[in-house]
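Have the viewer open as you read.

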Amino acid sequence: MSDRVFLACCVAGVLLLGGPQLALAQAAKAEPAQSVPSADELLRRVDRQANAFKDATFHFRMRIKEPGGQVREIEFTTLQKGTQKRLVRFLSPGDIKGMGILMESADTMYALLPAFGNRVRRMGTHAKNQSFFGSDLSTEDMAAVEFAPDYSARIAGTEGELTLLELTLRPGRQAEFPRLRMWVDPTRYTVSKIEYLDQAGKKLRTQLRSDFKLDEGSEHYSPGKVVFIDHRRNNHETELILLSSKVNTGLGDDQFTVRALQRN
Amino acid sequence: MRHLVAAALLCCLCAPARAELDLKLSGWVSSDIRYRIAGVEPRDPPVPSQWQLLNNGWSRNENRVRAALSIGLGSKVKAVADAELMMFGFSDLRDLDSSTLRDRVDPYYLELHAAYVDINHLLPGLDLRIGRQVVPWGAADKFNPVSNLNTLDLSDPLQFGRALANNMIRADYQVPLLDVTLTAVVVPVFRPAQLPRTAPIALLDPLRPPPISDELVARAIDDGRQIYLVDRPECQDALRRMLPACNPLTVDVSVLQPEISGRNTQFAFRIARSIFGQDVALSYYRGRFGIPVPVYSLLTGTLTQTVARIALHYPRVDVLGLEVAGSIQKLGGLGYWAELGINFPEEARLGLYEEVLTGQLRAIEYLRQPDGTVAPSFSPLGSHAPERPVVVERTPFWKGTFGVDYSIGAHVYVNLQYVHGFIDEFGAGRAPRPRRDAKNVQEQPRWETRIGDYLVGGVDVKVLSDRLLLRLFGVFKLPSLDWATQRFDDWVPTGVLFPQVVWTVWDATELMIGGFLMLGDRSSKFGDPAAGGSELFVKARVSF
């Protein structure tokens, strides 16, 4: 009676594993700035670069830093095609090793449970609500494939070579964070920092991106490191380290099926 | 010859490496210590204490080591071996000789959970898996009436729902353009379910009412067995002890395994696809139910030492399955699943024989009398075909599971299921339950439908950055209606509570404490000693 229970404990986080590459994918491929774009246009360019590849394979290590000084490490790979199809496989630690999650679409998710005879489970999307091993990634990280449809932007200034955008939730839209502050490289459209604010402007969470590298065979930049700091949890910190990435390798649709998930 | 071997070796060594080798090793080491808190008094026959349901006592003292090796050869071929070594932690000594045998002094078993070879894309869209494997069908949690290819491991309630691997040939074919997956499975040799060590409490109890559908016949057999209750007042007379009526009945149970023939080959088919975002599958299974039922009973021995030799067999069954699962976005992504298995069993009847009274083998049948009662009738073998009471009716019956789950916030998970037909239940109609007091033969047994109804639910709460999981699950039996007779169960409350705390002490290191509490009196589903007693447990596990 506990396989789905166990699964739900993990699956939300697994869903969030889409988040890292989505977050990382916010990094943009180089594109010459021909003129100074408006704030909304700049945000759209950030979005366009978020999914600038047809398919991608990422290998991550997540480090969850706990208040007592303990660090929990989770290693996984993510295969992605388009903005919907995603296959995540856990490599460590041992208690989740071999588990896999398939997202065929935003509403269709499956989990592979090696501990239960390699059973594949269909999951309700409520599982997105669950936390992921106590990390600081949220559902919004997963869902925020694009910012422009949900937020309007205004340029609030510059810091060095970065442009500071202030994002406000559009009327009728729903999101965990109604306001964002985003530091954007206006030449590569990469995002170096995001602050997540409540309606009153109180800072709830911070995301830092660094160590950008050009993915081989493309003009896509991936940040080698993303740090999430949750100020609501006493500055609880989660690091995502990108160990390797490959884009546009020609992943087929048949690699994003239940059968592919079972092949493990 | 030697040249040939050398040449073959040379060819192998010189063959170019054509696929990348991918080795993965995983597994765990665990310890599991349990204390029984509500068992039953010891039985008369002297058997090793760990196999009894003592009122209190250490019930498990296990260590398990599991290791799985996966060998991938490119994207097409994969071989998997997954083995588990289990040390019971109790000696099983019955005589001096056994004390010289290592496997009796320190018993263990080795279970191979997987040993198969995958050949993917054998033909376009076709995958093949051959070897020892588990094929888990069904959309529900743990209660999967459509998953019948593998029988269940019932040896440990904490491993509830674990399937036993078996040798199979499985083929999956993805129909181009239709998004339909076809699966066909052949199981050459039937593997029975692994029964719990407490099963003999039921099977060897001479005073337990027989599982016969006909109430009058069951009652007549039950009444007949009461003569073997030796502590009745009338048996205090020494003269009466010369008769079987005042001597204990010994029950000796044997199991008839299906012969390894083509006729007993199991097979199954499944077709699955997504319809409007919901997963739908239809399946068909032909094989056997994994828990045996009695088909022969022979009273033999002497007047003062009667032995009932009972033979069990695994009833044949065909199962049509339907499963649906999905997510309801309008209800916040509520997960749901429904699973239905319509069973078409082969009839099983109980052949009754005796050779004690006259020394000749005679068939026993229970015939209806003009006054509406039934009485035993004895006839020599071959004189006519005696009427045998039905143990498994030919009437089709269904088992089903309907459930939902939901996450409340980031830390709470809720799961609820209605289950029609527990994993060990089989057959239409009703059957008698054991008595509340095993030796109170005046008590009439309760009758319940063979397929019961249950509410299964639970909640998980995760705290301390998900390092601490608080879990409470429960199973509660509901009153059931037998549609054929329009009679409700003579219901008594019974259920299981399963509280558990899991502390992830460090990466891949879990410490678990909890309890498995069986509620209900002796006549109930979970209060029956054969279901195992209530236990408290502490477990530790490190995975790699």
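**Cores, a helix and an interface**

In the largest nonpolar core, which has 41 residues, the members that touch the most other members are B:Val135, B:Leu149, B:Val185, B:Ile212, B:Val217 and B:Val391. A nonpolar core here is a set of buried Ala, Val, Leu, Ile, Met, Phe, Trp, Tyr and Cys residues joined through C-beta atoms within 7 Å. Buried means that 20 or more other C-beta atoms lie within 10 Å of a residue's own; with 12 or fewer it is exposed, in between it is partly exposed, and the C-beta atoms are placed from the backbone. Keep in mind that this is a predicted model: local features need pLDDT of at least 70, side-chain atom pairs count only at pLDDT 80 or more, and totals for chains, interfaces and linings use all residues. Residues are numbered from 1 along each chain as its sequence is written, while chains are lettered from A and ligands numbered from 1 in the order in which they are written.

Several elements of chain B give two or more residues to this core, among them strand S4 (108–123), strand S7 (180–187) and helix H4 (215–225). Helices (H or I, at least four residues) and strands (E, at least two) are DSSP runs, numbered from the N terminus. H4(B) supplies the largest share, four residues. Leaving aside residues up to four places away in sequence, B:Val217 touches B:Ile212, B:Tyr366, B:Val374 and B:Pro389; contact means C-beta atoms, placed from the backbone, within 7 Å. There's also a second, separate core of 35 residues, including A:Phe53, A:Tyr110, A:Leu240 and A:Phe256.

Now hop over to helix H3 (residues 39–50) of chain A. Its 12 residues reach 17 Å from first C-alpha to last, close to the 16 Å expected at 1.5 Å a residue (1.5 Å times one less than the number of residues). Which residues of H3(A) are buried? They are A:Leu42, A:Leu43, A:Val46, A:Gln49 and A:Ala50. Looking down the axis of H3(A), these buried residues fall within an arc of 125°, so they line one face of the helix; the arc is that of the directions from the helix axis to the C-beta atoms.

Finally, the interface: 35 residues of chain A are in contact with 47 residues of chain B. On the chain A side, H1(A) gives the most, with six residues.

Note on methods
Contact = placed C-beta atoms within 7 Å.
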